[in-house]
Amino acid sequence: MKTYDVVALGELLIDFTQNGLSEQGNSLFEANPGGAPCNVLSMLNNLGKKTAFIGKVGKDQFGITLKKSLEELGIGTDNLMMDEEIHTTLALVHTFEDGDRDFSFYRNPGADMMLRAEEVKEELLRDTRLFHFGTLSMTHEGVRKATVKAVTQAKEAGALISFDPNLREPLWDTLDHAKEEIRWGLGQCDILKISDNEIQWLTGKKDFTEGVTEIRREFPIPLILVSMGRDGSRAYYGDGYVEVAPFLQKHTIETTGAGDTFCACIINYILEHGLTALKESQLREMLTFANAAASIITTRKGALRVMPTLKEVQDYLAAHA
């Protein structure tokens, strides 16, 4: 038995999200704890899983707030480092009328980039059932080495590997570099969660099935999830795929964290049912739950501190049965 169900490595930052206007007509921003890997861990904690995070924040007001947030949520922080010199990474999130977003990052450098390979605690990686990562920890050489070390050690210890590219174009020197690092991630993972626009960009295929086929020609990933926004989601497994419609909300505020919530629910299902011999009915059950949870988070500002509980998702599904 291993102590942790999921350990994740990556960015932990402050998302400044728009929250109305001041009396002078200026935009007001709310400082929400964020970062895709920790959003995933937060949802997994709500589903009863034991989690821990590997990363770095600044030893500043924001970094202290983020560490406290993880501790309050029950996410392990033994490998959350605090940088004495570099400030916590910040992201300004601009939300469009349809709930989609655009990001502006204050990260040149940001503390999350400063994680070093020697700071990654090997005992965490030997003691987890699954390791999850994205690409924001692969944009610069130092933190990339930390990511490679973590993935390698987790695999050697027999952990499943989950990968979400989570492409943020402004953070890369070139998109060719981004594509190179994403391809490395594809070669490591057992579970891939990828968005519709990411798979089209990566493979050059407009049809998602053609895109998945293109990926699998080189990387035999057992389970590939394609999140398609307002069109729902697909699970590619074996020789076919299952598609499940979304739960569209009348009161969507923003889509921040929707993909992370979805990803966490997929990971949770695989931890409980395994990755071998999954039936079509199971894939449908998995996607339905994940779509419902992702739908709920779109009605809330932020993500990390407001992930839905298991009961909330179950009640939502019962109301929409």
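**Notebook: salt bridges in the predicted model**

I looked up the charged pairs and found K56, D83, R116, E118 and E119 linked in a network of salt bridges (a salt bridge being a side-chain nitrogen of Lys or Arg within 4 Å of a carboxyl oxygen of Asp or Glu). The model is predicted, so I note that local features need pLDDT of at least 70 and side-chain atom pairs count only at pLDDT 80 or more, while totals for chains, interfaces and linings use all residues. Residues are numbered from 1 along each chain as its sequence is written, and side-chain values use heavy atoms, with hydrogens and water left out.

Entry on K56 and D83. I found the closest N and O atoms of this salt bridge 3.8 Å apart. K56 lies in strand β4 and D83 in strand β5 (residues 76-83), so the pair ties together parts 27 residues apart in sequence (helices, H or I, at least four residues, and strands, E, at least two, are DSSP runs numbered from the N terminus). K56 is buried at 3% relative accessible area, and D83 is buried at 13% (buried is under 20%, exposed over 50%, partly exposed in between; 1.4 Å probe, protein chains only).

Entry on E119 and R116. The closest N and O atoms of this salt bridge are 3.4 Å apart. E119 counts as buried at 13% relative accessibility, whereas R116 is partly exposed at 40%.

Entry on the whole structure. My search returned 20 salt bridges. One of them joins K49 to E272, with the closest N and O atoms 2.8 Å apart. K49 sits in the loop between α1 (36-46) and β4 (51-58), and E272 in helix α8 (residues 258-273), 223 residues apart. I recorded K49 as buried, at 10%, and E272 as partly exposed, at 47%.
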